[in-house]
Amino acid sequence: MRKPLVIGNWKMNGSRRFIAQWSEATQGLDRCATAEVVVCPPSVYLGEMAPLADAMGFGLGAQSVSEYEGGAYTGEIGAEMLVEVGCRYALVGHSERRTLFGVDDSRAAKQFSAALRVGLTPVLCVGENAAQREAGETWSVLRGQLAAAGLIGAGEVSAQMRVVVVAYEPIWAIGTGNAATPADVQTVHGQIRRELGAGGAQVRILYGGSVTAENAAELMAQPDIDGVLIGGASLRAAEFVAICELAAMS
Ligand code: PGA
């Protein structure tokens with residue numbers, strides 16, 4: 001049984017004032033215990049959000065993680081540091097990291113392993129852009145991204161790998177208000193799960209890209225959509241709580 005998972009990705013948004021208002025307005029999160037809720041604020045706020053997360057019953061995630069363990073890597077944040085400040089999850093290979101900050105499959109794979117090594121659950125983000133979709137290349141793009149991280153193509157998913165999370169986020173759907181249809185997402189998720197092999201039955205596969213309180217229920221009703229990764233709507237406290245409640249009922 002895969003517990004529904006909702007991850008809110010604040011991207012480069014938020015402030016101390018925003019955190020105070022958001023946490024006041026998300027008190028209802030404690031009604032969502034049958035789902036798991038994770039919030040990924042900008043990393044400078046992780047430390048101060050840790051007590052809030054504990055008190056309110058949600059987990060913390062980082063938006064990225066370094067592939068390096070430590071040393072002369074200006075600007076990087078290591079997996080162990082993230083664990084120390086209370087993170088349990090880290091997004092890896094988000095499309096904004098890939099397209100704007102030069103993270104390719106090989107770096108994403110290293111970051112994925114760096115997280116796993118210290119018990120930080122990596123959330124591997126995969127997805128095709130509009131041109132790739134039009135050219136019918138969706139699956140070959142996803143296969144490459146999943147294979148680089150060692151999730152498919154290397155035989156059975158190992159026991160250690162079964163804790164990881166995959167987030168399918170078609171780039172054309174992110175921040176556009178144009179979410180993929182539940183049926184299309186189910187087709188992609190079903191294929192990902194088949195390729196993961198028998199161990200894949202335990203891997204949670206999330207959908208991300210313009211998820212709102214309006215479309216979340218129908219998405220999460222699909223058998224292979226185990227939750228959602230939310231950007232914009234995670235900043236709107238009432239809507240975020242509403243989506244977590246839908247996940248708890250899914
Ligand atoms: P969005 O972002 O919900 O604003 O489309 C999703 C994401 O980038 O993770």
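Where is the place of arginine 16? Arginine 16 lies in helix 1 of this predicted model.

**View 1. Arginine 16 in helix 1.** With a relative accessibility of 60%, arginine 16 counts as exposed. Apart from neighbours within four places in sequence, arginine 16 is in contact with Tyr45 and Glu48. Glutamate 48 is 32 residues from arginine 16 in sequence, and the C-alpha to C-alpha distance between the two is 9.0 Å.

**View 2. Packing of helix 1 (residues 16-25) with helix 2 (residues 46-56).** The axes of the two helices are 12 Å apart, and the packing angle is about 5°. Angles under 35 degrees count as roughly parallel, and helix 1 and helix 2 are therefore roughly parallel to each other. By class, this contact has five nonpolar residues, one polar residue and two charged residues. On the helix 1 side the residues are Arg16, Ile19, Trp22 and Ser23. These meet Glu48, Met49, Leu52 and Met56 of helix 2.

**View 3. Helix 8 (residues 182-196) and its surroundings.** The 15 residues of helix 8 reach 21 Å from the first C-alpha to the last, close to the 21 Å expected at 1.5 Å a residue. The buried residues of helix 8 are Pro182, Val185, Gln186, Val188, His189, Gly190, Ile192, Arg193 and Leu196. Glycine 197 follows helix 8 and has a positive phi, near 80°.

**View 4. Cysteine 87 and cysteine 40.** A disulfide requires two cysteine sulfur atoms within 2.5 Å, and by this rule the count is zero disulfides. Cysteine 87 is in no disulfide, and the nearest cysteine sulfur, in cysteine 40, is 7.5 Å away. Cysteine 87 has a relative accessibility of 5% and counts as buried.

**View 5. Cysteine 244 and cysteine 32.** What is the distance from the sulfur of cysteine 244 to the closest cysteine sulfur? That sulfur belongs to cysteine 32 and is 5.2 Å away, which is too far for a bond. Cysteine 244 counts as buried, because its relative accessibility is 0% and the cut-off for buried is under 20%.

Notes. Residues numbered from 1 in each chain as written. Predicted model: local features only at pLDDT ≥ 70, side-chain atom pairs only at ≥ 80, totals over all residues. Heavy atoms only, no water. Buried < 20%, exposed > 50% of the residue type's maximum accessible area, 1.4 Å probe, protein only. Axes fitted to C-alpha atoms, helices over the stretch in contact; angles between N-to-C directions. Helix = DSSP H or I, 4+ residues; strand = E, 2+ residues; numbered from the N terminus. Parallel < 35°, antiparallel > 145°, perpendicular 65-115°, else oblique. Contact = heavy atoms within 4.5 Å. Nonpolar A, V, L, I, M, F, W, Y, C, P; charged D, E, K, R; others polar. Expected span 1.5 Å × (residues − 1).
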